[in-house]
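Welcome! Here is a short briefing to read alongside the sequence and the 3D view. Take your time and find each residue as you go.

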Amino acid sequence: LGVSLWLMDSHTLTHQRLFQSRDITGIGWSPDSRTIVLKTTRGAAYVHRDGKAPRRILLLDPARHERLLGIARQGQTRLLLLRQEQQRHQLLAVDLQGREHLLYQGPFPIRDALLNARGEAAFVLVADTDHYAVHDLRGQAPTRILRCEIADECRLLAYQDGQARGAKTSG
């Protein structure tokens, strides 16, 4: 089995297969809808709407415990990458050329993040010692603002107009 990505014109009903792959595990549009970002089993690639062959952005490094969190919803097209460097857990933004920018670093594994309109980390959901916690990164130092016993209880939904939208449920 594999995944084929098709581009269809809804007015003319014409369609064009951009490519086919066996490695794709996720697909997402860039914030400007000009680029399709492809999450693969080993990293990430992108393809522009023009239909040219996919270009690799990055390869995940298993020794650094890297995994893709998603696509930044603000500003330029950037991937959000999680990495563990020794005892430090990092949230990085990676542009389409593979350049990395550190957004946040802390002692606990990162599960999710919300960025502000400038593309800076505003909130993170981390796996603390015996619970999960949402930390507000907008001040001088990270501040825990929510504690959850189970990760599924805490969700970071959106950050808009200076306010985080989240959810905490109880089972």
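**A sheet and its cores**

Leu81 has Leu92 as its bridge partner in S9. Keep in mind that this model is predicted.

- Strands S8 and S9 run antiparallel and are joined by eight bridges.
- Four strands make up an open sheet in the order S7-S8-S9-S10, and their pairing is antiparallel.
- S7 and S10 each have a single partner strand, so one side of each has no neighbour in the sheet.
- From one strand to the next, the twist averages 25°.

**Leu69**
- You can find Leu69 in strand S7, which covers residues 67-71.
- Is Leu69 buried or partly exposed? Leu69 counts as partly exposed because its relative accessibility is 22%, while buried means under 20%.
- Leu69 and Leu81 are twelve residues apart along the chain, and their C-alpha atoms are separated by 5.7 Å.
- Leaving aside residues up to four places away in sequence, Leu69 touches Leu80, Leu82, Leu91, Arg111, Asp112 and Ala113.

- In soluble globular proteins, nonpolar side chains tend to be buried together.
- Here, the largest nonpolar core has 15 residues, and Leu91, Leu103, Tyr104, Ala121 and Val124 have the most contacts inside it.
- Strands S8, S9, S10, S11 and S12 each give two or more residues to this core.
- A second, separate core has eleven residues, including Val37, Tyr46, Leu79 and Leu96.
- Beyond residues up to four places away in sequence, Leu91 touches Leu69, and among its other contacts are His101, Ile110 and Val124.

Notes
Residues are numbered from 1 along each chain as its sequence is written. This is a predicted model: local features need pLDDT of at least 70, side-chain atom pairs count only at pLDDT 80 or more; totals for chains, interfaces and linings use all residues. Side-chain values use heavy atoms; hydrogens and water are left out. Buried means under 20% relative accessible area, exposed over 50%, partly exposed in between (1.4 Å probe, protein chains only). Contact means heavy atoms within 4.5 Å. A nonpolar core is a set of buried Ala, Val, Leu, Ile, Met, Phe, Trp, Tyr and Cys residues joined through side-chain atoms within 4.5 Å. Two strands pair if DSSP finds at least two bridges between them. Axes are lines fitted to C-alpha atoms, for helices over the stretch in contact, and angles run from 0 to 180 degrees between N-to-C directions.
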